[in-house]
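Please keep the structure open beside them as you read.

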Amino acid sequence: MTKTWVYRFQDVAEAENAVGGDWEDVRGLLGGKGANLGEMSRLGVPVPPGFTITTEACNEYITGGGTLPAGLLDQVAAALAAIEDQTGKRFGDPANPLLVSCRSGAKFSMPGMMDTVLNIGLNDVVVKGLAELSGDERFAYDSYRRLVQMFGSVVLGYKDELFEHVLTQYRQKRGVSTDAELSVEDLREIVERFRRIAAGFPDDPKEQLRLAVEAVFRSWNGKRAIDYRNAAGIAHDLGTAVNIQVMVFGNLGEDSATGVAMSRDGATGENEIEGDYLINAQGEDVVAGIRATKDLRILHEEMPQTYEELSDISRKLEAHYREMQDMEFTVERGRLWILQTRDGKRTAQAAVRIAVDMAHEGLITRAEAVQRVTPEQIDFFLHPQLAAESRQEAIAEGRLLGTGLNVSPGAAVGVVAFDPDLAERWNEDGREVLLVRPETKPDDVHGMIAAEGILTSRGGRTSHAALVARQFGKPAVVGMEGLEIEPDNHLMRLGNLQIAEGDWVSIDGTTGEVFLGRLGTFVPDLSDESLVRLLGWADEFRRLGVRANADYPVDAQRAREYGAQGIGLCRTEHMFFEEDRLPIVQSMIMASTPAERRDALDELLPLQRADFLGLFEAMDGLPVIIRLMDPPLHEFLPAWEKLVDEVADRKIRLRAADSLETLNESLSQLEHTERLVAAVERLREANPMLGLRGVRLSVIYPEITRMQVRAIVEAACDAVEAGIVVEPEIMIPLSVDAGELAWVGDVVRGEAATVLAERGREVDYKIGTMIETPRAAITAAALAETAEFFSFGTNDLTQTTFAISRDDAEASFLTYYLTLGVIAENPFATLDDAGVGTLIKMAVAGGRDTREDLEVGICGEHGGEPKSIALCHQYGLDYVSCSPFRVPVARLAAAHAALDE
């Protein structure tokens, strides 16, 4: 039986049957565009007739080394004949010519990443027939020059600049600014020159169609398409469908138009149709940014009946797909045609508002609204904005260059790069880059992804730059009038002002403002009404708790404002590194007697107590996990090499002392430095991260633990006296043996009991441990005899499981492993399910066998990563803990994990 490679739009039901009725599989077979064209045909939406060549044919072509599948051309011919019968036109017939477009259409929308060819079927003879039939010779030759130009660049591989150079010459010669102002005589000459450039352009319409189909297939593996899929996380084995569709023309005069419409505002999410269009133009003119487009609202004045019909179709399609729609349309002599519809690209802010609004409108459920927004989009809400003070200062200094269209919100500050390759290189060098182009093209996508933001002098709200910027959360301003960009000269001009490549520029994608220089930025709060509501719904669905890693009260307060349900990790040693405390800590380390050590600890006690009281105040009524001191003591001391140099320097100064006062001062400094050297030498270890740290510090120096426990419990008592509800949890780090954990647990309980007796208070607290090694996970049942909670420190657990250093691996070999495909994901970015995950599951099961109510969470950096959060949900953890700024992301990711289950 011959395989079906081609489906007519009206045969979408047959495609459904072929894949078992699943609409996602239909999209996989026909691509998103082809599936939607078929569905619109079924809904009675005015769609030009056509057919779709399947993604399977594309994959067959690619794996077959560039050979079209057997039987494909025969099926194409049959489908083309059916269109001829339907329209009464004939492909290649000068008397009544049928022209078609050839467009790509993958399962997932990839705007502009693959190739399109319009007006297929024209040649030197057919163009005359089209001129006579249409009564518009200029239109016919304009269509012909477009075909030769697109075919030459897309199919034959000639640089588009060769064709654009000819058009520029003719515009300059005639003193006009747009191609639409060129005469029919000009267009005839241009076609002749284009035919000379595009050597190999075939006269046979069937050959044109065959070669165009192959070009679209090949474009699936073009660099820009691969770059886009890598950035968007789209699989590389899906292939693209090809849609062959009857041409309808928006360039037949003042009663014709072409444009792009979105059923809601893609930047803000407002429930109002928006878009761009052009009178007397073809579709590529709109997205390419070659001509200044008109706001779709003006169409209501120029073509009111068409506008109302488009609005009705927009509402109909949105209600059917239950999603915001992005539609391409053409008006041919007053008749509206919809060329495609797809789910519209939107900013993070718009995604949240649209999801919430649609839930309120009853189009989708609250659960669907939560699932419609990705954790990455929540992260975009935390993107920087221009600081008000810096902005006002720039305006006062005359550094506001102007305003363009605000198509993708957020602030972007960077050095100007006019070339996408340069933007990518500078980004790899660690520079902040702003990509500036007259308009962006699909080939620019790698530079757009690398840039902090995008600025163009041309283009509208549905231009390529706008769509890609929204897709990847890049701030963007487009269509900035008066800005003249000269990429070849590495500069841009605005009036008399000249800005060179490498100069700093700041843009505000929220307002459309563009500033000269480097403006300050700030991270906004999460007060957006729709976001607050969506995250509230997410909290209703998630099972995992979300806590924050916070060491200071200000971080704890921010975490609570972002929805944290407690502190999952307070790293007490971070407090010791502060300038006023480090000398005290060093005195404690250098102490030669227990009494000296106690004196230093007595100085630290009130400081620690105040720290913990601030945390309890910020987290009133919520749990606070405080980890006892973890790192090796040598980290609080200067490097040995630096100290040795300092000793030599101080000896020189001692010999050069010219007074008794100077001599005594130099001698004192030398003695202090030599004591530091002695302390460093005493504490030096070959493998300090596997040495005297964590629980071992508490065993060797129990007085440090007693001071910290006293500070915690005294702070808890102070908080209770102030009417604050406290839930302290004391975490002992790096336990690997039940015996050492029990020993330190006794120290903790003993000191806590002493403090509570002194204060005459009862404060409930928990003792737990951090699981950071495979042995701890394996012996978790024994550890749970002491520990009332486990917290997985997945940073160290990953290091010890893989036996690789997080600090060194990426620079030495891990990145190369990822490039080669030796490993699929960086285990320090995404939790390793097979290894580390197995240990976590083993520890959870063992711990809960011993202690049924054992509280279990994760506090490593994986706690804020969506894929890892989904795994934590599967493992049965009680909570994840992450940085304050990742809390909103974790809340949504936890809800997704529950809903996906």
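**Notes on the model**

1. Let me begin with Asp25, which is partly exposed, with a relative accessible area of 40%. Please keep in mind that this is a predicted model. You will find Asp25 in helix H2, which covers residues 23–43.

2. Now for the overall picture. The protein chain has 901 residues, and 56% of them count as buried. The chain holds 37 helices and 33 strands. Along the principal axes, its C-alpha atoms fill a box of roughly 105 × 70 × 50 Å. The accessible surface comes to about 36500 Å², and carbon and sulfur atoms own 48% of that area. Among contacts with a separation of 6 or more, 69% are between residues 24 or more positions apart.

3. Strand S11 (residues 325–332) and S12 run antiparallel and are joined by 8 bridges. Is S12 enclosed or open? Of the 9 residues in strand S12 (residues 335–343), 7 are buried, so this strand is largely enclosed by the rest of the structure.

4. Asp326 deserves a look of its own. This residue lies in strand S11 and has Arg342 as its bridge partner in S12. Is Asp326 buried or exposed? With a relative accessible area of 0%, Asp326 is buried, because buried means under 20%. Leaving aside residues up to four places away in sequence, Asp326 touches Val260, Ala261, Met262, Gln340, Thr341, Arg342, Gly344 and Leu467.

5. Most residues other than glycine have a negative phi. Arg333 is not a glycine, yet its phi is positive, at about 50 degrees. Arg333 sits in the loop between S11 and S12, a hairpin with 2 residues between the strands. The relative accessible area of Arg333 is 43%, which makes this residue partly exposed.

6. The other residue is Leu734, again not a glycine, with a positive phi near 60 degrees. Leu734 belongs to the loop between strand S29 (727–732) and helix H30 (738–759). How does Leu734 stand, buried or exposed? Leu734 is buried, with a relative accessible area of 4%.

7. Next comes helix H10 (residues 223–232), where Arg224, Ala225, Asp227, Tyr228 and Arg229 are buried. Two arginines, Arg224 and Arg229, are therefore on that list of buried residues, since each falls under the 20% cut-off. Just after H10, Gly233 takes a positive phi of about 70 degrees.

8. Which strands pair with S32? One of them is strand S31 (residues 789–792), which pairs with S32 in the parallel sense over 4 bridges. Here Phe792 has Ile858 as its bridge partner in S32. Strand S33 (residues 879–882) also runs parallel to S32, and 2 bridges join them. In that pairing, Gly857 stands opposite Tyr879 of S33. To get from S32 to S33, the chain passes through helix H36 (residues 866–875), and this β-α-β crossover is right-handed.

9. My last point concerns the surface. Tyr816, Tyr817, Leu820 and Val822 form a nonpolar patch there, with about 420 Å² of accessible area together. Tyr816 lies in helix H34 (residues 806–820). What is the relative accessible area of Tyr816? The value is 54%, so Tyr816 counts as exposed, the cut-off being over 50%.

Key:
Residues numbered from 1 in each chain as written. Predicted model: local features only at pLDDT ≥ 70, side-chain atom pairs only at ≥ 80, totals over all residues. Heavy atoms only, no water. Pairing = 2+ DSSP bridges. Right-handed = clockwise from strand over helix to strand, strands pointing away. Patch = residues over 30% accessible without salt bridge, like charges linked within 9 Å, V, L, I, M, F, W, Y side chains within 5 Å. Areas by Shrake-Rupley, 256 points an atom, 1.4 Å probe, with all protein chains shown as cover. Salt bridge = Lys/Arg side-chain N within 4 Å of Asp/Glu carboxyl O. Buried < 20%, exposed > 50% of the residue type's maximum accessible area, 1.4 Å probe, protein only. Contact = heavy atoms within 4.5 Å.
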